[in-house]
Amino acid sequence: MESKKPEPSVMVASLADLTNHKLKSRAASVSIASNAVLIAFKLTVGILSGSAAIFSEALHSGSDLVAALIAFWSVRRAAEPPDERHQYGHEKVENLSGVIEALLIIAAAGVIIFEGVKKIIDGPELDHVWLGIGVMTISGVVNLIVSKKVLYPVARRTESAALEADAAHLLTDVYTSFGVAGGLLLVEITGWPYLDPIAAIAVAVLIIKTGYELVLQSTRVLLDETLPEAELEEIRRCVREHRGDIISGYHKLRARRAGSRRHVDLHVVVDADLTVTEAHDIAEHIEDDIRACIPNTDVLVHVEPRSPERFEGD
């Protein structure tokens with residue numbers, strides 16, 4: 001069993017990145033700080049201008065702040081080692097937080113739609129429009145930088161579901177901020193104030209779509225959906241390299257994710273004349289190879305003796 005360690009053929013994050021919990025915490029902290037500052041600006045300008053869109057944006061940023069706090073807590077919680085009550089670890093906390101953040105996005109959109117409809121019925125009254133345009137533009141730029149330059153890169157490097165949801169949350173804020181700024185600009189140009197609540201409702205629909213997609217993405221992991229086909233094929237390749245050498249076949253391959261961690265188990269078929277120690281060494285060798293191909297993976301290999309009746313799989 002001196003075979004060369006297999007080289008991964010799919011893009012897989014490094015083990016150092018996948019387990020870099022300090023990097024994830026720092027990224028979540030940046031999101032918390034930026035959201036707190038933007039909420040104060042939006043609330044102030046929303047009250048001064050009377051804009052339903054800006055006030056709704058302040059509420060949206062409030063949900064962003066809550067989401068950032070949840071992301072910060074979840075990445076720290078997910079980093080905790082397994083214990084007696086959670087023997088598979090705490091990584092799924094990140095996926096759970098992703099669902100919560102997505103529901104917050106949808107709830108914020110509901111509030112925006114409610115406020116927009118209310119303004120249409122009551123009649124909008126706007127003041128300090130250019131101040132509102134300036135604040136919304138600055139908010140959009142800040143959130144775009146935090147989302148695209150901080151959260152998304154770290155989320156992809158560490159495969160963090162919580163940070164990816166937080167990044168998506170902020171990106172919806174970018175769309176809404178620029179949408180509100182555009183609506184206020186049209187109000188200033190046309191003199192028709194109803195464009196303000198209409199713009200608020202329009203961007204709320206976009207927010208609901210993003211929230212729905214995030215719910216689907218996070219619940220797939222919570223429901224133990226299998227790994228992507230590219231990763232499954234990479235695992236099969238790692239195991240097939242040993243066929244005819246130390247194993248005669250394998251079957252019952254199962255794989256799932258929890259946060260950034262994978263869990264893989266499979267059965268391998270070996271010569272029935274091997275000793276327990278030899279069979280155990282083969283199982284450990286294959287486990288090590290799979291971990292080399294797919295980092296941050298828990299692997300369990302079950303050994304079965306070869307016989308004419310036994311199915312040997314792939």
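Author: Two strands pair if DSSP finds at least two bridges between them. Keep in mind that this model is predicted.

Reader: In which sense do strands S1 and S2 pair, and over how many bridges?

Author: Strand S1 (residues 249-258) and strand S2 (residues 261-270) are antiparallel, with eight bridges.

Reader: Which residue takes a positive phi in the hairpin of S1 and S2?

Author: Gly 259 does, with phi near 65°. The hairpin has two residues between the strands.

Reader: Now helices. How are two packed helices described?

Author: By the angle between their axes and the distance between the axes. Here, helix H8 (residues 229-240) packs on helix H9 (residues 276-293) at about 140°, and the axes lie 9 Å apart. That angle makes H8 oblique to H9, because only angles over 145 degrees count as roughly antiparallel. The crossing of H8 past H9 is right-handed.

Reader: Which residues of H8 and H9 meet?

Author: H8 brings Glu 234, Ile 235, Arg 237, Cys 238 and Val 239. H9 brings Ile 286, Asp 289, Ile 290 and Cys 293. By class, the contact has six nonpolar residues, three charged and no polar.

Reader: What span does helix H4 reach, and what follows H4?

Author: H4 (residues 92-122) has 31 residues and spans 45 Å from first C-alpha to last, close to the 45 Å expected at 1.5 Å a residue. Gly 123 comes after H4, with a positive phi near 95°.

Notes: Residues are numbered from 1 along each chain as its sequence is written. This is a predicted model: local features need pLDDT of at least 70, side-chain atom pairs count only at pLDDT 80 or more; totals for chains, interfaces and linings use all residues. Side-chain values use heavy atoms; hydrogens and water are left out. Axes are lines fitted to C-alpha atoms, for helices over the stretch in contact, and angles run from 0 to 180 degrees between N-to-C directions. Helices (H or I, at least four residues) and strands (E, at least two) are DSSP runs, numbered from the N terminus. Angles under 35 degrees count as roughly parallel, over 145 as roughly antiparallel, 65 to 115 as roughly perpendicular and the rest as oblique. A crossing is left-handed if the near helix is turned anticlockwise from the far one by less than a right angle, and right-handed if clockwise. Contact means heavy atoms within 4.5 Å. Ala, Val, Leu, Ile, Met, Phe, Trp, Tyr, Cys and Pro count as nonpolar, Asp, Glu, Lys and Arg as charged, and the others, Gly among them, as polar. The expected span of a helix is 1.5 Å times one less than its number of residues.
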